[in-house]
Structure formats: C-alpha cells, structure tokens
Amino acid sequence: MTARLTRWLPPIVAFLAVVALVLAAGTPVVELARYCAYAVWAVLLPGTLVYRALRATPRTLVEDVAMGAAVGLTLELVAWAAFSALELRFLLPGWPLVVVAFFLTKRLRRHWRPAYPDRPSVAWSWSLAAIVVFWTLYLYVVFLARNPVVPTSEQTMQYLDLSYQLSLAGEAKNHLPLHVPQVAGEPLNYHWFAYAHMAMASLVGGADLAAVSLRFAIPALCALTIVLTAVVGARVSRKPWVGVVAAALFFTVGEFNFTDPVTMPFGTQATFVIWHGMSMIYSWALLVALIGVLVPIITGEWRSWRGYLLAALLIAASSGAKASSLPVVLAALLLVAVAQLVRTKRIPWPVVLLGLLAAAGQFFATAVLYRFQTYATDVNVFGSLAVFAGPPAGEQRGWWEQAAVAIGVFVAFLLNMQLRLAGIIPLLWRQRLRLEPAQWLLLGGALGGVAAYLLVRQLSDGQQYFARAGFAFGVLLSAWGFVDVFDRARLSARARWYLGAFAAFLAVATVLAQLADAGRQTGSSPFAPVTPILKWSFFLLLCGVAGALVWYAARGSRPELRGKGGLVVLTAILVVGAPGLVMDMVKSARSPNGGAYYNTAMPRSRVLAARWVRDHSSPGDVLATNVHCLPVKYVGQCDPRTFWLSAYAERRVLVEGWTFAPRIAGDALKPFWDQELLERNDRAFTEPTPDDLAALKADGVRWLVADSRSGQVSPELAEYADLWHTEGQVSVYELR
C-alpha cells in the first residue's frame, strides 16, 4: 500500500497544486468540477481506450493516458463535426457512450485493464510533477490572476486577442461551418480546431465557455503537453530521462533573452504565445503525440495498419490546429526519407506513406479550411532578420559594417531562439551524422521550422510559428544529446548533486543579472533590440572561458574532473535561458491589470449585457451593435479590433470588428468593405427608421446592443424595438 501511494503521490500533488492555482484565480468550484468531468469522460476515457486498441505494445500507464488524451482530442473533433452537422448538439454529452459500448465487447474488453511491463521511477515522476507545477505557477502570474472570467469593473483590461478566441469558441459551439462571428456570413478561413475543443468542453461538460477560455483549457493543455513530451521523449530515445529533460527545455527554460526585461525581437517569447493564442499549445499537444506515433512506424516497431490509422487521426487533427504544424512534419519526413534512401539504397515505403498522409492533411487544410487564403505569405529569404540589420533612418553603412551587423543579427537569432537546442550538436558530432531514423526525424523537424522562419514572411510575423513547431522536435533531440553526454560522463551520486547545484546557481545568477540590467535603454536603431542578447552572450562567454581555464588547471590535482568538462559546458548553455519565464512574470507584475502586453478595455457592463443576450436568445440569432472601434484612434481612423459582443454573447454579429476577416488580410485599419451595410447598421442606432430596421431584420438581426460610449443612441429607437435590458451605458433591444 505504501509503495502504491508513493507511486501515485507525484501526480496527485501536481493535480492538487494546479487546482489550487486555478481556484486562487477566482474560479468557481462548480465550473472547475464540470470541466474536470468533461476531461475525464469525453477526452481521457474514449481516447485512452482507442489508443490502447491501436498501439503496438503496452509500456506504462502514464504513456497510455497521455497519448490517449491526445487521441481523445482528435475523436472529439469527429464527434463535434458529426453531431453539429446533424444539429444534434444536445446529444453530445453522451457521445463517449459509443466508444464505451464498443469496448464492452468480448474482443476489446481486455483494454480496460491492461498489464504494464514498466513503471516510471519515483524521481522521474517527481521531476515531471515539478515542471507541471512551476509552469502552472507561471500561467497564474501572467495570465490566470490577471484575467477575470467576468470583468470586475468598468476599468478592467484584457489582452486584445482573448475575446477573439472566445468568440471563435462560441461560433464553434453553435455553428457548422464556421463564419467570422464579428461579420455574420463571412466565412472563417482559419485554423480553428482548438476553439472547437473549447466548445466541446461547454457542450459536453456544461462549463461556462468564458471559464473554459480564461481558466481551464490552457493550463490543461499545457500539463498534457508537458507529460506528452516526457513520455514521447522516453519512448523514441529508449532513455526515460530524455523525456523529462525535453519537458524542462520546453516549459522551464525559455529563449535566451536579456532584453528590457523581455521583449520579442524574433517573435519570442514562445512562452507568451501559449496563453495569448491557445492554438499554439493545442497544436503542440497533437504534434508531440504525432512524433510518438511516427517514430515507431519509421523504425518498424509498428508494422500494422493500426499505426497508420493513429497517425492519420493525429495528422487530421493537426491540419486545423495550427497552419505551421504539417509543413514542419513534411520537412521532417522528407529528411528521414532521404537519409534512409542514401543509407539503404531502397525506397522507405513507410516514410513515403506517412508523407502522403501528411500531404493529404496539408491539402485538406489549404483547400477546405483556409480556402487557399495565404495571408500575404511570400518567399522572403532572411526577411525576418533583415528588419534588424538595416541602418538607422537617414544613415548609411559601409559594406563591411553592414556585413558585421547582419552576422550579428543572425548570431543573436540563433542564441535567442535556438540555444536550448544546443544538445543536438554533441549528438551529431559523436555519431558523425550516422543517426538513427528517429534522430533524423527530429533533426528534420527542428531544421524545417528554422528554415521556414528564415525563408518566408507572413502577416504579423506569423512565420515565427514554424520555428515554434520545430521546437517540439528540437527539444527532444537536444535532450537526447544531453542525456547521452551525461551518461558518458559516468558521474558519481555526489557529482550529480554538484552538477544540479551548479545549474541552479547559474539559473538564479542569470535571473538576478537580468533583473539588475532591466530597463536600460539600448538606443533606437533597428539593431538595438538585439544588442542586449549579444552583450550578455559576450559577457557569459568570457565567464565560460575563465571557468574553463580554472577547470583545466584543476584537472591535474583532481583527476575525477577529466571527461566531465563537456557536460558542465552543455549544462550551462542549456540553463542560461532560465530567466525567460521569470522575467515574463516580472514584466506582468509591473504592468497594470490585464498583463504586460497589448490590452484593451473590457468594461463589466458590456460583458454582463452580452451574457444576458446569450441567456435570452437563440444560437441562430444575429446581433447588431454600434461598437466597432477601439477607444484609441489613429489619426481619425477606426481600429476595428472589437470582439466583446460576439465573444460573451456567443452569437454572430452583423458588423462588429472586421480586422480578422480573411478579405482584410490583417490590415488593422482598413475600412469595412461594405460601407452601405455599415452605414445602415449605424443609422439604426443614431437615426432609426422603419425601413432601416426592416432591412436589418431581413439580414437576420433580432437583437440590437447599444453602448452610448460609442456614440449617441437615439431615443426614437425604443419606438421601433423593445428595450429588454440595461447594464450601465449598454442597452439591449429586440426588433419587433
């Protein structure tokens, strides 16, 4: 009994810690219970059963549950699409019964209680639990504690994109196919599967959609991805600690960044994009699980059709999870195919078949989900770095000076975005590029992400997400290299403690150094954002050289140091990114409510009015509003990035904000394309007439939501529509 409790204690402690942090952020207990019930009933249970039926051989319970959760995310998409297409969403709480009934048959009943040949060590489990808890603490500081489910005052601020994400989840909850909820009837050409996942949490578990978006989905997906990284790393390398090290590199050590205190010169922090755009973490969960399926197929461990079916499921889910996922998978498969062809002189048919599946998934995404919308993607070699290499306005540089700056920018990029992948180098060096198929796959994904970042440009620096997709491959291979170096060093128990103490000391020292240096001005030239990275890199290099000289001198009197220097150097390189998360927390703590990034007003009255509409309207109802622009104006222009009504009402709006509509292609200040419709919409509030209101009703509008802060609302509106609800300066009317 004591041994069993010891094995279960790490996950129990991690779960309770996560729950405590979520509750500390003001989360209603009943909503948390509903979400947990949904996760177990509709994700873990069906997904784990199906994974057990398709996988090759059982290994550990934690692997079955983690991989099963990823499979559950794919199965719920199928259930959502099927029940939504049939307009039977009210039956979705019972969809897992289909899977349960299937596995009650005599042939499949054994998958309820399989026997496992392996168990993770207690140290492995506690290390993984510590990563989950630390990461959730980070989320609490920068995200959970700063974004109430319902705004607490008229001055509440919220990060710009959070309400947009919530609006997409509301759209997926009520409609198929999906449209842009801010412009009723406008098709949504976007990767939206993550928001269908959020919708399922509300449809199946009954959880409030705003709570799912602002409390549950992101911490849950992060915890899942951490565990998946650990189990997949252990499986593909056959070394358990590779997984834990990879999880630490992914979710504890951020990018190497000594900016002011954390800015985003190359599209970083990767940590930041997890909560401001939850499609990133959703896609990572599926991508890491897909790696765990691709490797045994490529290596021949899975020769059955079941492996390909599992890969097809995860590829299909990845196709609409993030546009950057499958291109990186294709690059990884291409490299492993070439490597196997060169080595064996035979066509690697399993890799070819997997490539065809990934290509089919990419074509589906391009043709069906995105409708060939490119969002201004074009080939622009090193365009992502060129913005930092140009001379200041009105100045010129000589060719040699320009070359030095360009090299400096490239070095800063590698240090900033790729330093935690340094473990790949000793692995390649030791094996003289004679890599295993699994290693070629991971290397291909890591290189493919970087290559896409450097070769193409997208709107709003969207090319950065290719590099982030590559992280999922790169951290696994880097951890593999680190553990290989660690094993060859053959450290004693005492030496391991010394190495751990050194890593902890270095992490604390770099955090303190960055805290002391934060806030110093670096200039206004394009090159200025990268100078802190180069400056601190040079300083740390000098420290490293000094330490190496001391180490070399000490080897004469301390022979046990021989053969260990490379491990110490690699440990230091991988740890110096540790300030990333801490400094992001510091930046958030120093910022006003809403967090450290681009925030907009989210008044409580607007949200309460929108939720009243949600509770008193039908999913098919269309709303109209007079709120289109953010309060901040650009030379008299409208900034139409407003999403609060469609988000919290979970309804389509005739015209709300239109920045993210596909035909705008990201031009934030571009005027609305149908000015006649917009003028008729606005006249309904300022100068209502029976004809204009009848035209709105013909457009499907049933409810009018007016906010007097966005312009005068005519008292004559009450003559043509029924006033049902008032919340502060927001009034809700129903058309007669």
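Here is a short tour of the aromatic contacts in this predicted model.

Residues are numbered from 1 along each chain as its sequence is written. Because the model is predicted, local features need pLDDT of at least 70 and side-chain atom pairs pLDDT 80 or more, while totals for chains, interfaces and linings use all residues, and side-chain values use heavy atoms, without hydrogens or water.

Two rings of Phe, Tyr or Trp (its six-membered ring) pair if their centres lie within 6.5 Å; planes under 30 degrees apart are stacked, over 60 edge-to-face, the rest tilted. That rule gives 24 aromatic pairs.

**Stop one.** Select Tyr-159 and Trp-275: with centres 5.7 Å apart and planes at 75 degrees, the pair is edge-to-face. Tyr-159 is in strand β1 (157-159) and Trp-275 in helix α10 (270-276), 116 residues apart. Helices (H or I, at least four residues) and strands (E, at least two) are DSSP runs, numbered from the N terminus. Trp-275 is buried at 0% relative accessible area, and Tyr-159 is buried at 9%; buried means under 20%, exposed over 50%, partly exposed in between (1.4 Å probe, protein chains only).

**Stop two.** Now pick Phe-413 and Tyr-453, whose centres are 5.1 Å apart with planes at 5 degrees, so they count as stacked. Helix α16 (399-418) holds Phe-413 and helix α18 (437-455) holds Tyr-453, so the pair ties together parts 40 residues apart in sequence.

**Stop three.** Select Trp-135, Tyr-138, Phe-250, Phe-251 and Trp-284, a cluster linked by ring pairs.

**Last stop.** Show Arg-420: its charged end sits over the ring of Phe-471, 4.6 Å from the centre (the cut-offs: NZ of Lys or CZ of Arg within 6 Å of the ring centre and within 35 degrees of the ring normal).
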